[in-house]
Amino acid sequence: MKPVLIIKLGDTLPELAEQKGDFEDWFIKPLHSTGLSTRVIDPRKNDPLPPAIDFSGILMTGSHAMVTDQEPWCRKTAAWLPGAVAADVPLLGVCYGHQLLADAMGGTVGNHPRGTEMGTVDITMAPGAEGDLLFKTFPAVIKVHASHSQTVTSLPPDAVLLAANAWEPHHAFAVGNHAWGLQFHPEFDAEIMSTYINAFADPLRKQGQNPDDLLQKIQETPDSGRVLERFAQIILENAKGR
């Protein structure tokens, strides 16, 4: 079976990388647990973006960069994405990857007017989730980990909204037959989330948020983690049908 392509778009905090691995590692483990193999490329290092059809699935990580910075590697990846979506290979973009997918497919991205959403939060399924391959089996409300200061300000044409909350109107969307964006982090656990809050405590305070309150609300998010399990199932089911 073809491997899953992981497009590494950023690096985590050094202390987390030393203890728990980097962004790509947090996706590799759940994918490998289902029997899938992976290949990692890093466009920031001028790794070429291969044909999407050479892979059974595609996953784009988060990043501490901003889509609005329009870095050359960002634009290169954005130009590649419409072809990947058209190839109908299951594709999942997370946080930065979610925003980049929206941007590449005709949506818009900008700074969130309320600032940074960070911590364990509830998201509510939108009506479009009922028939969606990725989200149709999930409860109406699930807990997820969030860490973002930019947002998809408008979805791409023909995109379907899948989940939102009072802070973030576009926590998940689908575009095409097999492409999804997630603003939240299904790969985070409670330790990772706590480390991020502690690392960004000062900027959070400047925005009027209380890091101690956010830390007290941290909990594990099993339903969020199941999103990656379901994505792996979609990859396997799609491969059998080809």
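Predicted model: local features only at pLDDT ≥ 70, side-chain atom pairs only at ≥ 80, totals over all residues.

Biologist: Why is helix α4 described as largely enclosed by the rest of the structure?

Modeller: Buried means under 20% relative accessible area, exposed over 50%, and partly exposed in between (1.4 Å probe, protein chains only). Helices (H or I, at least four residues) and strands (E, at least two) are DSSP runs, numbered from the N terminus. Helix α4 covers residues 96-104, and nine of its nine residues are buried, so the rest of the structure largely encloses it. Among them are Tyr-96, His-98, Gln-99 and Asp-103. Just after α4, Gly-106 has a positive phi of about 105 degrees.

Biologist: Which residues of helix α2 are buried?

Modeller: In α2 (residues 23-33), the buried residues are Phe-23, Glu-24, Trp-26, Phe-27, Ile-28 and Leu-31. When reading such a list, recall that an α-helix has 3.6 residues a turn, so residues three or four places apart point the same way. Just after α2 comes Gly-35, with a positive phi of about 95 degrees.

Biologist: How much space lies in the largest pocket, and which residues are the closest to its centre?

Modeller: On a 1 Å grid over the protein atoms alone, a pocket is an open set of points with protein on both sides within 12 Å along at least five of seven lines, where a cavity is a set in which a 1.4 Å probe fits but cannot get out; lining residues have an atom within 4 Å of a point. Grid points are joined across faces, edges and corners, and a volume is the space filled by probe spheres set on the points. The largest pocket holds about 360 Å³. Its lining has 23 residues, of which Ser-63, Met-66, Ser-147, His-148 and Ser-149 are the closest to its centre. Helix α4 supplies at least two lining residues, as do β7 (141-148) and α6 (201-206).

Biologist: How do the residues of that lining divide by class?

Modeller: Ala, Val, Leu, Ile, Met, Phe, Trp, Tyr, Cys and Pro count as nonpolar, Asp, Glu, Lys and Arg as charged, and the others, Gly among them, as polar. The lining of the largest pocket has twelve nonpolar, eleven polar and no charged residues. The second largest pocket, of about 280 Å³, is lined by six nonpolar, one polar and six charged residues. Helix α2 gives the largest share of this second lining, four residues.

Biologist: How many salt bridges does the structure hold?

Modeller: A salt bridge is a side-chain nitrogen of Lys or Arg within 4 Å of a carboxyl oxygen of Asp or Glu. The structure holds twelve. In one of them, the closest N and O atoms of Lys-8 and Glu-24 are 2.8 Å apart. Lys-8 lies in the loop between β1 (4-7) and α1 (14-20) and Glu-24 in α2, so the pair ties together parts 16 residues apart in sequence. Both Lys-8 and Glu-24 are buried.

Biologist: Where does the salt bridge of Lys-20 lead?

Modeller: Lys-20 meets Glu-191 (3.3 Å, N to O). Lys-20 belongs to helix α1 and Glu-191 to helix α5 (residues 190-199), 171 residues apart. Lys-20 is partly exposed at 27% relative accessible area, and Glu-191 is partly exposed at 39%.

Technical notes. Residues numbered from 1 in each chain as written. Heavy atoms only, no water.
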